[in-house]
Amino acid sequence: MSQAHPTHPQCRSLPRRPRTWPLLLCAILAALPAAAQQVPRPAAGLSSATWTADNGNGTFTNPLFYDEFSDPDLIRVGDWFYLTGTTMHTMPGLPVLRSHDLVNWEFLAYAADRLDYGPGYRLEDGKGIYGQGIWAPSLRYRDGTFYIFSNVNRRATQVYSAPDPRGPWTHREMKRGLHDLSVLFDDDGKAYAVWGHQDMHVAELTADLTDIVPETEKVVFSKTAGMGEGAHFYKIDGRYYIISANYAGGFRMPAARADHVFGPYEVNEAISRDEAFGLAGGHGLKQTGDSSAIAPPQPGKSAGPLHQGGIVLTPAGEWWGFSMMDANAVGRLTALSPVTWKDGWPWFGLPGNLGRTPRTWVKPKTDKGQPIRVPFKRSDDFSSTALQPLWQWNHVPVDGKWSLTERPGFLRLHALPAASFWDARNSLTQRAIGPRSSPTVALDAAGMRPGDVAGLGLLNLPYATLGVEKTGAGLAIVLFDGARAATRRIALAGSSNTARVWLRADCDFLSEQARFSYSLDGKTFQPIGEPFTMVFQLTTFQGVRYALFNYNTQGKEGGHADFDSIDVYQPTPHGLMRAIPYGQSIRLAGTGTGAGLHADGAELSVAAPTPFMVEDLGLGRVALRAGTRYLTVGPDGRAALSPGPAKEAQGFQWSETLNGELLLMSLATRRYLRIDPATGTIGADSPGAGPDARDCVRFSWSPAAAARQ
């Protein structure tokens, strides 16, 4: 599998032990691939397996969704939790989801059907609102009404309200814009808002929620107080809390508290910090004037750790946190964190490891079971007369130029004039999903006219498209690689007006590489072009989106393209890329070292890995037994071998980095097992995986029998 970080040199220089295997065998062991727990492509029909955070064993694995869900805001009303997030320039916007357990979510509605404030919102007159539109919403509830307050560039704050979260939602605009606002409905019936960047302002809102009450606005932080932006405003046990996101000095979540809504506030500069689940930073864009080039990842740099979120109290009395992380080209993902209150602060993380969120942990307590469910279907055969809720238009759509009924069972896109895919109207998009996914589009090009280009796009900057082009000479498969500004054409010999093609993009969001292929029979696919590098950038301010498009390059309306289906295949839609090997004997090596856990009677050392039996403790937890003794973590975090039976000191939460490397979190310390590179000792004292393995907390495992071969 692809790995997004190099092996740190410290981890290659572990002290030698007398019981070592030959170096060649150690190298072979370290190089063994971690075979993914893959879901096979369906022999017939469309793929239905999709990412779920629920592991089916009482635990969950972050992220909640492996597609972009940014700037989340979450509330509880009765027994239900409700969630919304940023949708930028895509329409409809502001999805509203609900859940009983914070892990399994269902889609209810979009609060904003469309937002149209001029040609830029419609991709007209050479204008667009990429990276703008709806962002940083604040979701609230009071007296039977749900509210969403949302930012829109160069507009006043938008307010959506509804007695039922399924809608219909009423829309109005405030008299001023409040950057990254959060609203608090206080116990006395008054409403307050906090907004701004670094300094932050607090003011009372008017009763109709359209303006601030005169002379109530107050700046509550200095610009150097460390509060950042993206505020979430709460009142808990009589105290006021503001949780925010700060990027200066590294992504983190500050919090502030006060006894009065206007302060003075005390600041805790980081209740969460450095948690990116071991993901290294990805590719970027290097801007030179009007041109851009792909910049390689920076060694040792982390992806954007958890930031911008808030907290919520469950009916069972548990506190949980939610926040997002910048996960490179796939976009910004939402994660769920256990919250530990200490000294009056809501720390993300567990006792003993405050500020760091476990990637896998026990689900929130509920009074009844919650079946596994996901908010969206990814694949679509377009058999419905309405679009599935996953779909969003790139900017405001042109009604009457697309249809699900003109040819039942197909999505028909009529070609409108555009200079490029970037400018094309009525491109229908869905968020790409990780860690790997492959959209395959079945397209009937019979209705296309000269100048039309239709197909599958990776909407991003740079973008790539694989489509069918119609000219006077006939049809051709065309790949455009925006990173290289290169076009590859393959004429379809003998093509007629009944041409049917299949277009595929195999996207790996760990390596950030996409590979394209096409087929004329839906079975045999031919590769085309070079691998395309995907990035996250701030022009669209979104991750990659899969897009269906049809536009005409001759400055006029063209024909139509009929999309029969899109199949989104996900080979690893589970929290673990490899299943926990319960009841099996395995060997554990430090990733990239060859050396690992070595048991010799009662002695534990770092040397050639020896077999450990994996015992199931429930809830995705294991004990590791060598003979009659168990890997045990003492109060000081040091590991040793001790007699059984297995207790908490012998228990480990089995989880993985986002790249699929094994992490073992001790239930005794809530910290991760690692091999100290300086001393060669083994202990559970690491707060978690970093971006480049320098903490030596990653392990690889292989069946003991296979390792002896």
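## Cis prolines

Pro92 sits in the loop between β4 (90–91) and β5 (93–99). Strands here are DSSP runs of E, at least two residues long, numbered from the N terminus. The peptide bond joining Met91 to Pro92 is cis, with omega about 0 degrees. This is a predicted model, in which local features need pLDDT of at least 70, side-chain atom pairs count only at pLDDT 80 or more, and totals for chains, interfaces and linings use all residues. Residues are numbered from 1 along each chain as its sequence is written, and side-chain values use heavy atoms, with hydrogens and water left out.

There's another cis bond from Leu461 to Pro462, where omega is near 0 degrees. Look for Pro462 in the loop between β33 (452–459) and β34 (464–471). Most peptide bonds are trans, and most residues other than glycine have a negative phi.

## Positive phi at two aspartates

Asp274 has a positive phi, near 70 degrees, without being a glycine. You'll find Asp274 in the loop between β18 (266–273) and β19 (284–288). Asp274 counts as partly exposed because its relative accessibility is 46%; the cut-offs are under 20% relative accessible area for buried, over 50% for exposed and in between for partly exposed (1.4 Å probe, protein chains only).

Asp343 also isn't a glycine, and its phi is positive at about 55 degrees. Its loop runs between β23 (332–342) and β24 (345–350). With 64% relative accessibility, Asp343 counts as exposed.

## The largest pocket

The largest pocket has a volume of about 820 Å³. A pocket is an open set of points on a 1 Å grid over the protein atoms alone, where a 1.4 Å probe fits, with protein on both sides within 12 Å along at least five of seven lines; lining residues have an atom within 4 Å of a point. Grid points are joined across faces, edges and corners, and the volume is the space filled by probe spheres set on them.

This pocket has 34 lining residues, and Phe251, Asp326, Phe536, Leu538 and Phe541 are the closest to its centre. β21 gives the largest share of the lining, four residues. By class, the lining has 14 nonpolar, 14 polar and six charged residues. Nonpolar means Ala, Val, Leu, Ile, Met, Phe, Trp, Tyr, Cys and Pro; charged means Asp, Glu, Lys and Arg; the others, Gly among them, are polar.

## The second largest pocket

The second largest pocket holds about 600 Å³ of space. Of its 23 lining residues, Arg76, Arg140, Leu184, Tyr234 and Lys235 lie nearest the centre. The lining here divides into 14 nonpolar, one polar and eight charged residues.
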